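Trainee: I have a model open and want to learn how to read it. Can we go feature by feature?

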Amino acid sequence: MFRVQPIKPLLRRGLFFSLSGALAAAWSVSAPAAATSPAIREAMQAVASKPDPEALLIDVYKELGANHLRSALEKADRLVEAYPNFRLGHLIRGDLLLMHNRPVATLGAVVGPEDKLKNLREEAMVRMKSLRERPDPDLIPRQVLQLREDQKHVLLVDAKRSRLYVYAHRAGKLKLVTDYYISQGKYGVNKLKEGDQKTPIGIYYITSRLSGTRLPDFYGSGALPINYPNEWDKLNGRSGSGIWLHGTPSDSFSRPPLSSDGCVVLTNPDLHRLSSSVEIGKTPVVISETIDFVNQTKWDNDRAVATRILEEWRQDIESLNPLRVARNYSRQFKSDRGEDIDVWLGKHQQSLGNVKALKLTLRDMTHFFYPGRDDMIVSTFTQETMVGKNKSTLRKRQYWTKEGASWKVLYEVNL
């Protein structure tokens, strides 16, 4: 759920004025987190030395909403001077110049290539809509049920709103820090194969950090690769590679909402800011068609379900009772080696041999609802197994699916 700000229609200058007033009323921005390395701090200082472009854009809209055309034009001049490659800023400045001579009823009333004007209008509209429909600070993103204690942030991509939300994680609580405009695949989300120009849906992790000096100009100031395709993508036959969060070329400040080959694209200044929230190998990236938000009670209940099913699984494994173990697994289960449930259970029982007692300890757990589904929970944890004096440790991920009233493991992999 989002908190929608009221719109005050301003009809004297048509739709352009109306949208300006709505966006100005909705605007709020949070300061980015402190940088975590000298290189990032240096980049952040360079970004901080320039005015925030979206804040300048909002100032233009505010002046328009107050019917201060001259002041709006002055601020638009400042915007394009600070960011000469911000094409949307130039478009709005052109509209302001036209307003001195005639009414302007829509964004992009200037003469220009229609396809480029269409892209800029779409960018303006999604920016306006997403900034007007702010996430309610009292609600929690439903997809994130539990993070490890050492995971300080989680990134959530809302494709429908062309927005990336950054949530801080402190003592088991999530708090919205900031959010950024993003571009996605030309054909939207739900990537299935190489070259389909779609952005994947799923739960991923930042795997590395690539400096812009090592990349072609196309990727802008840098890139944050994610682990697509992950184990679930591969199981479902999804192909492709090279899905990154990255910046924009030097001749462009931002790109239209649907414009990448599948990557998530931010402006270069926003990518610098985002980098301060990223820890390689730790920071989850949830990509969904839309991010769902729920109240604390609903979130607590969902989290309790994830905790309960994993604890029951642990107790059943510890019991060494084959029937109790089997009841946790779906008949459609597949192992990471492609084994069906009967083969896998047989190997599991055989591996225990003459074991008389087993102690299982689970720690560092994460739980997510799989994006777009309320019948699948993805749980990852460290499993410590004690058999006599022998201890083994591994990291495991399970995909739980709801079958009727019960939750069953559909897929399991050791990481």
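Mentor: Start with a cavity: the second largest cavity holds about 40 Å³. Before going on, know that this is a predicted model, where local features need pLDDT of at least 70, side-chain atom pairs count only at pLDDT 80 or more, and totals for chains, interfaces and linings use all residues. Residues are numbered from 1 along each chain as its sequence is written, and side-chain values use heavy atoms, with hydrogens and water left out.

Trainee: What is a cavity, and what is a pocket?

Mentor: Both come from a 1 Å grid over the protein atoms alone. A cavity is a set of points where a 1.4 Å probe fits but cannot get out. A pocket is an open set with protein on both sides within 12 Å along at least five of seven lines. Lining residues have an atom within 4 Å of a point. Points are joined across faces, edges and corners, and a volume is the space filled by probe spheres set on them.

Trainee: Which residues line the second largest cavity?

Mentor: V144, L145, Q146, L147, H169, G172, L174, W299 and R303. Strand β4 gives the most, with three. Elements are DSSP runs numbered from the N terminus: helices are H or I of at least four residues, strands E of at least two.

Trainee: How do the lining residues of the second largest cavity divide by type?

Mentor: Five are nonpolar, three polar and one charged. Here Ala, Val, Leu, Ile, Met, Phe, Trp, Tyr, Cys and Pro count as nonpolar, Asp, Glu, Lys and Arg as charged, and the others, Gly among them, as polar.

Trainee: What does the side chain of Q146 reach?

Mentor: Look for polar contacts: pairs of N or O atoms within 3.5 Å. Within protein, one atom must be able to donate a hydrogen and the other to accept it, and residues adjacent in sequence count only if both atoms are side-chain atoms. The Q146 side chain makes one with the side chain of R303, at 3.5 Å. The Q146 side chain also reaches the backbone oxygen of M365, at 3.4 Å.

Trainee: And V144, what does it touch?

Mentor: Contact means heavy atoms within 4.5 Å. Neighbours within four places in sequence aside, V144 contacts V154, L156, L174, V286, W299, H367 and F368. V144 is also in β4, and is buried at 1% relative accessibility.

Trainee: Where does V144 stand in the largest nonpolar core?

Mentor: A nonpolar core is a set of buried Ala, Val, Leu, Ile, Met, Phe, Trp, Tyr and Cys residues joined through side-chain atoms within 4.5 Å. The largest has 51 residues, and V144, V154, W313, Y329 and W400 have the most contacts inside it. Helix α9 gives the most to this core, with six residues. Apart from it lies another core of 26 residues, among them Y61, L69, A82 and F86.

Trainee: How much space lies in the largest pocket?

Mentor: About 670 Å³. The pocket has 27 lining residues, and W344, H348, S351, K396 and N414 are the closest to its centre. Elements giving two or more residues to the lining include α9 (296-319), α11 (341-352) and β20 (390-403). The lining divides into twelve nonpolar, eight polar and seven charged residues.

Trainee: What should I look for in the backbone?

Mentor: Most residues other than glycine have a negative phi, and most peptide bonds are trans. Now the exceptions. S162 has a positive phi of about 50°. It lies in the loop between β5 (153-158) and β6 (163-170), and is buried at 2%. Q197 has a positive phi near 55°, but is partly exposed at 22%.

Trainee: Which residues does a cis peptide bond join?

Mentor: Y228 and P229, with omega about 0°. P229 is in the loop between β11 (222-225) and α7 (231-235).

Notes:
Buried < 20%, exposed > 50% of the residue type's maximum accessible area, 1.4 Å probe, protein only.
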